[in-house]
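Colleague: I'm new to this one. Could you walk me through the terms as we go?

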Amino acid sequence: MKIKYNIISADYVGSFPNWGKCQLPDNPEYAFIGRSNVGKSSFINLLTERNNLALTSSKPGKTRMLNLFLIDGKWNIMDLPGYGYAKVSKAEKSKWEIFISAYILNRPNLLNVFVLIDASIPFQANDIDFINELGENGIAFSIIFTKTDKLSKNKIQSNISGFIRELKNYWTELPLYFMASAIDKTGRQEVLDYIFSLNKQFIDFKKQI
Ligand code: GTP
Ligand code: MG
């Protein structure tokens with residue numbers, strides 16, 4: 001029988017202005033990133049089964065800092081601010097890019113970036129650009145398609161296929177992807193099982209060195 005992993009404790013550690021200041025640099029860490037309002041904070045709450053662990057808002061741009069959570073006293077979740085928020089200035093956008101890329105490129109314990117993509121809209125160029133940048137920098141990532149409750153199954157599938165088709169223009173091997181809805185509470189177990197398998201690899205690797 002397959003073991004179903006569950007989270008016992010989830011604690012907010014703090015909000016940090018840059019990667020150098022982030023605590024707990026020895027735990028395996030998973031970052032959640034994506035355009036503003038895509039549902040990053042909602043997905044973290046779904047994953048941890050806590051209603052208000054990560055603060056959510058219908059107004060884009062809610063998450064501004066690097067928000068760190070400690071799970072089961074052993075591994076970390078990082079809730080990141082969203083990109084592509086139309087109402088911010090160019091200067092603000094490039095500040096975001098520098099701040100996020102510094103975190104992604106330098107955080108020593110970042111094991112996987114989960115890129116959240118809104119499955120209720122057709123593919124967006126800035127999502128593809130962001131994924132391509134991760135690839136160019138050799139950063140391990142996977143995709144979570146969010147808001148799958150918002151349209152019919154067929155329409156969601158058609159948006160996801162469109163996104164994958166676009167990615168195929170750049171990638172020979174496609175990334176692992178998950179489908180999720182914070183409303184229907186789907187996608188949680190699959191992502192959790194994946195995180196646990198990476199945690200196990202991390203621990204096994206640490207034992208060898
Ligand atoms: P920023 O921190 O501003 O970048 O946003 P975020 O990506 O953390 O999004 P957040 O979780 O705050 O959710 C934004 C809005 O989308 C909220 O109104 C949520 O209730 C809604 N939302 C999030 N996930 C889902 C989902 O799976 N389905 C539906 N229908 N709405 C969702
Ligand atoms: Mg957020």
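Modeller: Two strands pair if DSSP finds at least two bridges between them, and strands (E, at least two residues) and helices (H or I, at least four) are DSSP runs numbered from the N terminus. This is a predicted model, where local features need pLDDT of at least 70, side-chain atom pairs count only at pLDDT 80 or more, and totals for chains, interfaces and linings use all residues. Residues are numbered from 1 along each chain as its sequence is written, and side-chain values use heavy atoms, with hydrogens and water left out.

Colleague: So why do β2 and β5 count as paired?

Modeller: Six bridges join β2 to β5, and pairing takes at least two, so they count as a pair. The two strands run parallel. One bridge links glutamate 29 with leucine 110 in β5.

Colleague: What makes β1 and β7 edge strands?

Modeller: The open sheet has seven strands in the order β1-β3-β4-β2-β5-β6-β7, with mixed pairing. β1 (10–16) and β7 (177–179) each pair on one side only, so they are the edge strands.

Colleague: What makes a group of residues a nonpolar core?

Modeller: The members are buried (under 20% relative accessible area, 1.4 Å probe, protein chains only). They are Ala, Val, Leu, Ile, Met, Phe, Trp, Tyr or Cys, joined through side-chain atoms within 4.5 Å. The largest such core here has 32 residues, and Ile33, Leu66, Ile104 and Val115 touch the most other members. Apart from it lies another core, of 25 residues, among them Phe32 and Trp75.

Methods:
Chains lettered and ligands numbered in written order. Buried < 20%, exposed > 50% of the residue type's maximum accessible area, 1.4 Å probe, protein only.
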